[in-house]
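Please look over the sequence and the structure first, and then follow the text topic by topic.

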Amino acid sequence: MIAPGTGDPPGFRPGDCATQRTLSEAGRAQARAIGAALRARGIDQARVLSSAWCRARETAELLGLGPVGHAPALDSFFADRAAGPARTEALRGLLAAWAGPGTLVLVTHQVNITALTGVFPASGEALLVYTGARAGAVALRVPPPSP
C-alpha cells in the first residue's frame with residue numbers, strides 16, 4: 001500500500017505510529033479495494049496476520065477480513081538486515097505449517113517478500129504464495145488496485 005517514503009525515519013519505534021511512515025489516503029483506498037476484491041471472490045473471513053508496523057497493521061485492518069494478529073516473522077528487517085535470514089525462515093515455517101481452516105492473509109514489507117520469494121513487489125501489489133511443502137513459492141502476482 002502507498003506509504004510515502006522509504007524505510008523508517010530516525011528514531012522509529014514499532015509501537016509508536018507517530019515515529020513511522022504511515023499509509024496515505026491512496027494507500028488506505030488500496031487496502032479497502034483489495035479487501036473488497038477478496039470478498040467478491042468469496043473470501044469474507046480469513047486468518048489475518050500482520051507486521052507490528054502501523055502501516056501494515058492498518059492495511060490488515062482495512063482489508064476487513066477478520067481480527068488481525070501479529071506475527072514477528074512479518075516484521076520488517078529493512079533497518080536490521082542481519083535479522084533477515086531468521087525472519088525469512090520463520091515466515092517460511094509459518095507458511096509450511098498452515099493447514100487452515102480457511103484462508104491465511106499476511107501483511108508484511110517489501111524486504112520480507114523479496115527475501116522469501118525473490119520478487120520485488122510494487123507498492124500495493126499482492127502475492128499469492130503456496131503453503132505446505134511449497135511454502136513461499138509464488139502462485140500468482142496481483143497488481144495493485146487503482147485507488
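Predicted model: local features only at pLDDT ≥ 70, side-chain atom pairs only at ≥ 80, totals over all residues.

Glu125 counts as buried, because its relative accessibility is 14%, and the limit for a buried residue is under 20% relative accessible area.

When neighbours within four places in sequence are left aside, the residues in contact with Glu125 are Arg141, Val142, Pro143 and Pro144. With Arg141 there is also a polar contact, made between the side chain of Glu125 and the side chain of Arg141 at 2.7 Å. Thr88, which is 37 residues from Glu125 along the chain, has its C-alpha atom 19 Å from the C-alpha atom of Glu125.

## The disulfide

The structure holds one disulfide, and it is formed by Cys17 and Cys54, whose sulfur atoms are 1.9 Å apart. Cys17 lies in the segment before helix H1 (25-40), whereas Cys54 lies in helix H2, so the pair ties together parts that are 37 residues apart in sequence. The torsion about the S-S bond of Cys17 and Cys54 is about -90°, and the disulfide is therefore left-handed.

The two cysteines can also be described by their accessibility: Cys17 counts as partly exposed, with a relative accessibility of 41%, while Cys54 is buried, with a relative accessible area of 12%.

In soluble globular proteins, nonpolar side chains tend to be buried together. Here the largest nonpolar core has 10 residues in all, namely Ile34, Ala46, Val48, Ala56, Ala60, Leu63, Leu65, Val68, Val105 and Val107. Two or more residues of this core come from each of strand E1 (46-50), helix H2 (54-63) and strand E3 (103-107), and H2 gives the most, with three residues.

Apart from its neighbours within four places in sequence, Leu65 is in contact with Gly35, Leu38, Arg39, Ile43, Asp44, Gln45, Ala46, Val48 and Val105.

Key:
Residues numbered from 1 in each chain as written. Heavy atoms only, no water. Core = buried A, V, L, I, M, F, W, Y, C linked by side-chain atoms within 4.5 Å. Buried < 20%, exposed > 50% of the residue type's maximum accessible area, 1.4 Å probe, protein only. Helix = DSSP H or I, 4+ residues; strand = E, 2+ residues; numbered from the N terminus. Contact = heavy atoms within 4.5 Å. Disulfide = S-S within 2.5 Å. Polar contact = N/O pair within 3.5 Å; in protein donor to acceptor, adjacent residues only side chain to side chain.
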